[in-house]
Amino acid sequence: MESSSEGVARVGDGGVVEDPAHTEASTPKTSTPEAVAAGAAVREAVMPETVVPEAVGPEAVGPEAVATAVAAIAPTSLSPSRAGDFMQCPLLYRFRVIDRLPEKPSPAATKGTLVHAVLERLFDAPAAERTAPRAKSLIPGQWDRLRETRPEVVELFADDPEGERLAGWLVEAERLVERWFTLEDPTRLEPAERELFVEAELDSGLRLRGIIDRVDVAPTGEVRIVDYKTGKAPRPEYAEGALFQMKFYALVVWRLKNVVPRRLQLVYLGSGDVLTYDPVLADLERVERKLLALWDAIRLATETGEWRPRPTKLCGWCDHQAHCPEFGGTPPPYPLPVTPPVRAAESEGGAQGRMGPG
């Protein structure tokens, strides 16, 4: 069991985030040589020469890709999203990672992608020009770019010939961007990295990977990992689940650089809250143990083909009900070889069998 939300600080209701105890680490105001060097060190450590996008998840797989897909392969890495999928429902993980079933784009997720792109691009401008009007002016261009790179999002407004729903949706995106300026001051920030792909291999051979929204490095070299959320902040009793993704990223950075990030920060644009957590080494060690246990379960399911559904309230939003036994559906034929687990009584000399690949 991971630690509780003890040590989590929350800032909300419109105030700019200020923490006197961690001002330098939280809001670096200048790019000193030390900060530049630290940022370069983080970038050098976590950016592979060739970035291969994770071949899982609905955002990268459309119907055409499914139709022309080559033979399925067993999972080889774990990201925060896919770890969350397996914990939510092992069958959902199979549908997304192994079967790669297509999923329809959702207005909420697409809006999040758009807002993330705007906040990333805003830092291309000089500090003094990072204003709310400038940020909002980036929305139309980033929406055009999103439609070019992901044509399937056009389907969201296929039944909106007058463009009224699209106009309202874009206004909602503007509000989220505006709210960010009440939570952080981009004129005082010089991110070391934005949309940073990270990947690390643990001693066990498990490969962890993901994309960090923003990495800030203080003049003193302290690292802050920041993630934007376009939804609302969770209730305090659910804060630990929300921080899982951030601890995952912190674990990757620690394994790459042997440095524990000073601060993890979730910025909730939907509710105007900021959730922060200052991790310690024990936190990351607990997360690593949890991920290793999770990966063992994934490997066992991959080997045996047993992916059990786990019904929750989230099932109502799932695109795969037609394939789910809980809704009277039938999963596609399992595309990987199945190896039944060896029982102790069936093995030679009564030796215990293994429950997963070595």
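Biologist: Are Trp180 and Tyr228 buried or exposed?

Modeller: Both Trp180 and Tyr228 are buried; buried means under 20% relative accessible area, exposed over 50%, and partly exposed in between, with a 1.4 Å probe and protein chains only. Please note that this is a predicted model, in which local features need pLDDT of at least 70, side-chain atom pairs count only at pLDDT 80 or more, and totals for chains, interfaces and linings use all residues. Residues are numbered from 1 along each chain as its sequence is written, and side-chain values use heavy atoms, with hydrogens and water left out.

Biologist: How many aromatic pairs does a search of the whole structure find?

Modeller: A pair of aromatic rings is described by the distance of the centres and the angle of the planes. Rings of Phe, Tyr and Trp (its six-membered ring) pair if their centres lie within 6.5 Å; planes under 30 degrees apart count as stacked, over 60 as edge-to-face and the rest as tilted. The search of the whole structure gives 11 such pairs.

Biologist: What are the relative accessible areas of Trp143 and Phe157?

Modeller: Trp143 is buried at 4%, and Phe157 is buried at 12%. Trp180 and Tyr228 also form an edge-to-face pair, with 6.0 Å between centres and 80° between planes.

Biologist: Which residues do ring pairs link into a cluster?

Modeller: The cluster consists of Phe123, Trp180, Phe181 and Tyr228.
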